[in-house]
Amino acid sequence: MISGSFKRFVPGGFVAMAWGSATARLITINCVAFVLVTVANLICSAFGCGQAAATRWLALPGDGALYLSRPWTVFTYMIVNTDLLRLIFNMLWLLCFGRLLSLPMSSSRLIWLYVSGGVAGGVLYLVGSLCGFWSAAWLMGPSASVIAVAVATALMLPQLEINMLVLGRVKVVWVAVCVLLIYFLDIDGQNLGGNAAHVGGALAGIVAGLGHGRVSDMRLRFIKARGNKKNSAGKRESYNVPRDKKEFSAEDNRRLDAILDKVKRAGYGALSDDEKRELFDISGRIK
């Protein structure tokens, strides 16, 4: 929650953009962390403490003894970025998949998925380093977390289609596969530790995706109605979902929005029998 004193100095539109959703929060945290770590490294370098002193206190070390002295790094490494282009790349994919996954998944679960993907990747990297599978180095960046979100999106929304700039309509599952290939592309074999972390993130995404379950065609109709309402002030996103020729009224849209809010807060099981019946009836009238 943003405090009242903070809102007086920061425009409300900026607050909504930077902190209005789980995806926006994660992107904001990564960008702010990049600036702070960069500035801290410059200050440390100026005082003769080393060019990457701040990074080394937050990145995950492959050395077991060093990790024991910095146990927090299994959490902090996933928001440490030293390469601006890599940060932009990761944040663009997080924006793409995070926005889609935030429709059927609550904000708290999306953040938990991001963190668990990073932790799983960090643990796998650390275990491999201790076993001598690759030389101990430093692991940093949100790649494992982003992969977890991408894999979960592909498993939960495989039939959903999005508009790509050049390719046109493409199913989310194929977009996720292409992204994974890019992340795992390792021609010279010099990034085995990083790829192991990517595997850990993918495993976390598989667990979350299978645990949550695939979103049905009927529920995709609800997602479309919810997504169109959220984007009504600007450019609407186009989703290829089953349509029905019956009339979908403004009152249906209001009731659907209220029921979906309840589902997002407390889950589908919190709905009464009447609400479930109403949800089913409304779904047949969505255009």
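This is a predicted model: local features need pLDDT of at least 70, side-chain atom pairs count only at pLDDT 80 or more; totals for chains, interfaces and linings use all residues.
Let me begin with a pair of helices: α7 and helix α10, which spans residues 172–184, pack at an angle of about 155°, and their axes lie 12 Å apart. An angle over 145 degrees counts as roughly antiparallel, and α7 and α10 are therefore roughly antiparallel to each other.

The protein has 287 residues, of which 43% count as buried, and its secondary structure consists of 14 helices and four strands. If we take the contacts between residues at least 6 apart in sequence, 70% of them join residues at least 24 apart.

Now back to α7, which covers residues 84–101, and to its packing against helix α9, residues 143–156: their axes come within 9 Å and cross at roughly 35°, and α7 passes α9 in a left-handed crossing. The contact is made by Asn90, Trp93, Leu94, Phe97, Gly98, Leu100 and Leu101 from α7, together with Ser143, Val146, Val149, Ala150, Ala152, Thr153 and Met156 from α9. These residues divide into 10 nonpolar and four polar, and again none is charged.

α9 also packs against α8, where the axes come within 7 Å and cross at roughly 125°. That angle lies between the range of 65 to 115 degrees for roughly perpendicular and the cut-off of 145 for roughly antiparallel, and α8 and α9 are therefore oblique to each other. The crossing of α8 and α9 is right-handed. Here Leu110, Leu113, Tyr114, Gly117, Gly118 and Gly121 of α8 meet Ala144, Ser145, Ala148, Val149 and Ala152 of α9, and by class this contact has seven nonpolar and four polar residues, with no charged ones.

Which residues touch the most other members of the largest nonpolar core? In that core of 47 residues they are Leu94, Phe97 and Leu101. The elements that give two or more residues to the core are α3 (22–46), α7, α8 (107–130), α9, α10 and α11 (192–212), and the largest share, 10 residues, comes from α9. If we look at leucine 101 and set aside residues up to four places away in sequence, this residue touches Leu110, Leu113, Val149, Ala152, Thr153 and Met156. There is also a second, separate core of seven residues, and its members include Leu256, Ile259, Leu260 and Ile282.

Let me finish with a leucine in helix α3, namely leucine 36. Is leucine 36 buried or exposed? Its relative accessible area is 55%, and since exposed means over 50%, leucine 36 counts as exposed. Leucine 36 and valine 80 are 44 residues apart in sequence, while in space they are 9.7 Å apart, taken from C-alpha to C-alpha.

Conventions. Residues are numbered from 1 along each chain as its sequence is written. Side-chain values use heavy atoms; hydrogens and water are left out. Axes are lines fitted to C-alpha atoms, for helices over the stretch in contact, and angles run from 0 to 180 degrees between N-to-C directions. A crossing is left-handed if the near helix is turned anticlockwise from the far one by less than a right angle, and right-handed if clockwise. Contact means heavy atoms within 4.5 Å. Ala, Val, Leu, Ile, Met, Phe, Trp, Tyr, Cys and Pro count as nonpolar, Asp, Glu, Lys and Arg as charged, and the others, Gly among them, as polar. Angles under 35 degrees count as roughly parallel, over 145 as roughly antiparallel, 65 to 115 as roughly perpendicular and the rest as oblique. A nonpolar core is a set of buried Ala, Val, Leu, Ile, Met, Phe, Trp, Tyr and Cys residues joined through side-chain atoms within 4.5 Å. Buried means under 20% relative accessible area, exposed over 50%, partly exposed in between (1.4 Å probe, protein chains only).
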